[in-house]
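Here is a short report for a first look at this structure. Keep the view open while reading.

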Amino acid sequence: MPPSKDYYAVIGVPASAKQEDIKKQYRKLAKKFHPDANPNDPKAAERFKEISEAYTVIGDADKRK
């Protein structure tokens with residue numbers, strides 16, 4: 001089994017962060033690394049995927065528990 005990622009570190013918030021803080025940080029990073037904003041940067045696209053995956057888990061209050 002692969003080691004689990006620290007989704008809080010990917011987003012850049014502490015584990016004790018409030019839901020709105022997580023959402024705010026996600027939107028900031030998503031805008032910065034979105035493939036449309038960085039059309040010729042595959043690293044930005046990969047980072048965007050990581051950020052989206054992390055937000056899918058910690059952005060949902062039920063999954064976060």
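The model is predicted. Helix 3 covers residues 42–58, which is 17 residues. From its first C-alpha to its last, helix 3 reaches 25 Å, close to the 24 Å expected at 1.5 Å a residue.

Which residues of helix 3 are buried? They are Ala44, Phe48, Ile51, Ala54 and Ile58. These residues lie on the same side of helix 3, because they cover an arc of only 130° around the axis. Pro42 and Lys49, on the other side of helix 3, are exposed.

At the start of helix 3, Asp41 brings a side-chain oxygen to within 3.2 Å of the backbone nitrogen of Lys43.

Now the core. The largest nonpolar core has 16 residues. Ile11, Val13, Ile22, Phe33, Ile51 and Ile58 touch the most other members. Helix 1, helix 2 and helix 3 are the elements that give two or more residues to this core. In soluble globular proteins, nonpolar side chains tend to be buried together.

Ile22 has contacts beyond its neighbours within four places in sequence, among them Tyr8, Ala17, Tyr55 and Arg64. Ile22 also touches Ile11, Val13 and Ile58.

Ala9 lies in helix 1. Ala9 is exposed, with a relative accessible area of 52%.

Methods. Residues are numbered from 1 along each chain as its sequence is written. This is a predicted model: local features need pLDDT of at least 70, side-chain atom pairs count only at pLDDT 80 or more; totals for chains, interfaces and linings use all residues. Side-chain values use heavy atoms; hydrogens and water are left out. Helices (H or I, at least four residues) and strands (E, at least two) are DSSP runs, numbered from the N terminus. The expected span of a helix is 1.5 Å times one less than its number of residues. Buried means under 20% relative accessible area, exposed over 50%, partly exposed in between (1.4 Å probe, protein chains only). The arc is that of the directions from the helix axis to the C-beta atoms. A polar contact is a pair of N or O atoms within 3.5 Å; within protein, one must be able to donate a hydrogen and the other to accept it, and residues adjacent in sequence count only if both atoms are side-chain atoms. A nonpolar core is a set of buried Ala, Val, Leu, Ile, Met, Phe, Trp, Tyr and Cys residues joined through side-chain atoms within 4.5 Å. Contact means heavy atoms within 4.5 Å.
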